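Let's take a friendly walk through a protein model. Have a look at the sequence and the structure below, and then we will visit a few places together.

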Amino acid sequence: MGDIKGFLKVKRQKSQYRPVCERIKDYSEVAVLPSDASAQEQSSRCMDCGTPFCHWACPVGNYIPEWNDLVYKGNWKEAFKLLTACNNLPEITGRLCPALCEYSCVLGINDDPVTVRENELSIIEYGFKHGLIKAQPPKVRTNKKVGVIGSGPAGMACADQLNKAGHSVVVFEKDDKVGGILRYGIPDFKLDKKIIDRRIKILKEEGIEFKTGINVGVDYPAGDLLKNFDAVCLAGGSRAPRDLKIEGRTLKGIYFAMDYLTQSNKRVSGAKIPADQLIDAKGKKVLVIGGGDTGADCVGTANRQGASCVVQIEVMPKPAECRTKDFPWPKYPMLLKTSTSHEEGAERKWSILTKKFIGKDGWVKKLSCVEVEFKKDTNGCPVMKERAGSEFEIEIDMAVLAVGFLHPEQEGLLKELHVEFDPKGNVKTDLRQMTSVKGIFSAGDMRKGQSLIVWAIQEGRRAARSIDEYLMGKSNLPVI
Ligand SMILES: Cc1cc2nc3c(=O)[nH]c(=O)nc-3n(C[C@H](O)[C@H](O)[C@H](O)COP(=O)(O)OP(=O)(O)OC[C@H]3O[C@@H](n4cnc5c(N)ncnc54)[C@H](O)[C@@H]3O)c2cc1C
Ligand code: SF4
C-alpha cells in the first residue's frame, strides 16, 4: 500500500465523458481515457485490504490491490504484467465491464469505491502506448490442433490461452469479421472497433488462425471437426432472442435489438445496406422495450440516427438508487443505472406491461400498454397485477425488442454434434467444461447463457486449461 492515507486525502474521480451535444453527432467512444497522473492518484485510494473483496468479486481473479499499489508507485511495467496474467482482454473489460469488483470494494462501505475498472484501462492502454505488448509466439509447438467455434470474448480468450500452451488453434467465425457481440452488438460509441482489431493483429502474429465467413454446421460439416482437430471448443454465444408474442407482433417496424444493433454497427463500419432492409430511426418515434443494457445501447443508437423521440419501457419496477437490505455489501446490487445513452435523451418508464401493437397500412403505429404493480404472495414471491384503469397508448413509428435471449441457436452445429443441453437450453458440460461429446468443450454464453464479457473471458480461460489437460495429461495454464 503506497500511500497509507490515500483514501482519506483523495476523492473518487468521476468517469469523464465527451459533452452530450458533441458526442450525439458521432459514433466515437463517449468515454475519455483518464490520464496516467489521474490513475496514479486514484490508485492511491486502494487500502490494500487484508481480504480484498474486489479480488473475490472479480470473475478472472484480477490482482487488484497489487497492481493498484504498483500504479501508485509508477511501476506500470510490473502492473501490466500482473494485469495480463489474469485477463486476455483488459482493454475491453476496462471499457465495458460493469465492474463487479467496485461493488464489493471495502472502501465502498462508507465512501466511494476505488476506480478499479478505469485503473485497469489505464494500465493496459499504457502497455499499448509504450510498446509493452508485443507478439510472443510460443517457443515450442505441441502438434495438437484445436478448433474454436466463435470469435467473441470467450473464443478469443480460449484461443489465446491454448496458443500460449503451444497448440495450433483455428478460430471459426460465421460473421465477416471477428469479435462476436463486441463487434456486432455493442455500439462503437461504447467500444471503438479498432480496439478489437489491435488485439486480433497480435493474436494472429502469435500464430492463431482466424477463418471468418464460415458457419460451422453449414459451410463446414460439424462431423469433420473431430476428424480435423484433436479437441474443439464451442464458443458460439447465446443469440436466440426472446420474443414478445402479443397481438400485432407481425406488423412492420418491429425489430429485435440484435438485428438493429448489428446493422447499425455494420453501417458505421462503412457497409451499405439495401433500402428494403434498412432499419433506421431517423425522424421516427422510437420505442425500446426492455430496460436493460441492450435496450440502453438501442437508445443511444436511435438518438444518433436522429430519432424524433425515444421512449424506453420496462415491466419490472424502477430499481432503487442506493443499496437496499436485499442487496447488502459485498453483493452485486440491483440498482437504477443511468447510462451515457440515457443522458443523451430518452423517456424511461417502469412497471409497464405491453398488451398489443396497433398498426396502420401494415406498419406499427401504437403500443397499447398498462401499468402493473408487484405484490408478494403468501410465500413472499412477487406477483404481477395490472393496475385497474391505467391502460394507455404510446404512439410509435418503430419498436425495438430488447427483452433478452433464451439460449444458443440449437439448429445446425449443436444439433448435428448431438451435444446435450441443460434445462435452460444452453450447452451442458461437466465441471471441466466438456460437453456430452468427448473432446468437445464449451465456453461463454453458449454454455452459461447470456452474461458478461468478463465471465466469457473466464469461461474461455477455464475451457483452455481443461483442453490442455485433456490433450497433454497435465497443464501449466492458470486455473482461471
Ligand atoms: C447489445 C449487447 C450489449 C452488451 N454490452 C455489454 C457490456 O457493456 N459489458 C459486458 O460485460 N457485457 C455486455 N454484453 C454481454 C456480452 O457481450 C456477452 O456476454 C459476451 O459477448 C459473450 O461472449 P461469447 O464469446 O460467449 O459470445 P459472443 O460474443 O456472442 O460471440 C459468439 C460468436 O460465435 C459466432 N458463432 C456462433 N455460431 C457459430 C458457428 N456455427 N460457426 C461459426 N461462428 C459461430 C457468432 O457469430 C459470434 O461472433 C452485451 C450484450 C449485448 C447483446
Ligand atoms: S477492496 Fe477496494 S480498497 Fe480493498 S484492496 Fe480491493 S480495491 Fe483496494
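## A loop residue and its contacts

Two residues are in contact when heavy atoms of theirs lie within 4.5 Å. Keep in mind as you look that this is a predicted model.

Start with S351, which sits in the loop between β9 (347-349) and β10 (352-360). Is S351 buried or exposed? Its relative accessible area is 16%, and buried means under 20%, so S351 is buried. Setting aside neighbours within four places in sequence, S351 touches E314, V315, M316 and P317, as well as V370, E371 and V372.

In soluble globular proteins, nonpolar side chains tend to be buried together. Here, the largest nonpolar core has 65 residues, and I92, I123, C158, L182, L191 and I467 have the most contacts inside it. Helix α18 (residues 453-472) gives the largest share of this core, 8 residues.

Which residues does I467 meet, apart from neighbours within four places in sequence? The contacts of I467 are V146, C158, L162, A231, V232, C233 and F441.

## Around ligand 1

Ligand 1 has 36 residues around it, and L96, A154, E173, V216 and D445 come nearest. The shell divides into 18 nonpolar, 11 polar and 7 charged residues. Among the elements that each supply at least two shell residues are α10 (153-164), β2 (168-173) and α18.

Now zoom in on some atoms. A nitrogen atom of ligand 1 lies 3.1 Å from an N or O atom in the side chain of N215, and a polar backbone atom of V216 is 2.9 Å from a nitrogen atom of the ligand. On its own, ligand 1 has 1000 Å² of accessible area, and the protein covers 96% of that.

Conventions:
Residues numbered from 1 in each chain as written. Chains lettered and ligands numbered in written order. Predicted model: local features only at pLDDT ≥ 70, side-chain atom pairs only at ≥ 80, totals over all residues. Heavy atoms only, no water. Core = buried A, V, L, I, M, F, W, Y, C linked by side-chain atoms within 4.5 Å. Buried < 20%, exposed > 50% of the residue type's maximum accessible area, 1.4 Å probe, protein only. Helix = DSSP H or I, 4+ residues; strand = E, 2+ residues; numbered from the N terminus. Near = heavy atom within 4 Å. Polar contact = N/O pair within 3.5 Å; in protein donor to acceptor, adjacent residues only side chain to side chain. Areas by Shrake-Rupley, 256 points an atom, 1.4 Å probe, with all protein chains shown as cover. Nonpolar A, V, L, I, M, F, W, Y, C, P; charged D, E, K, R; others polar.
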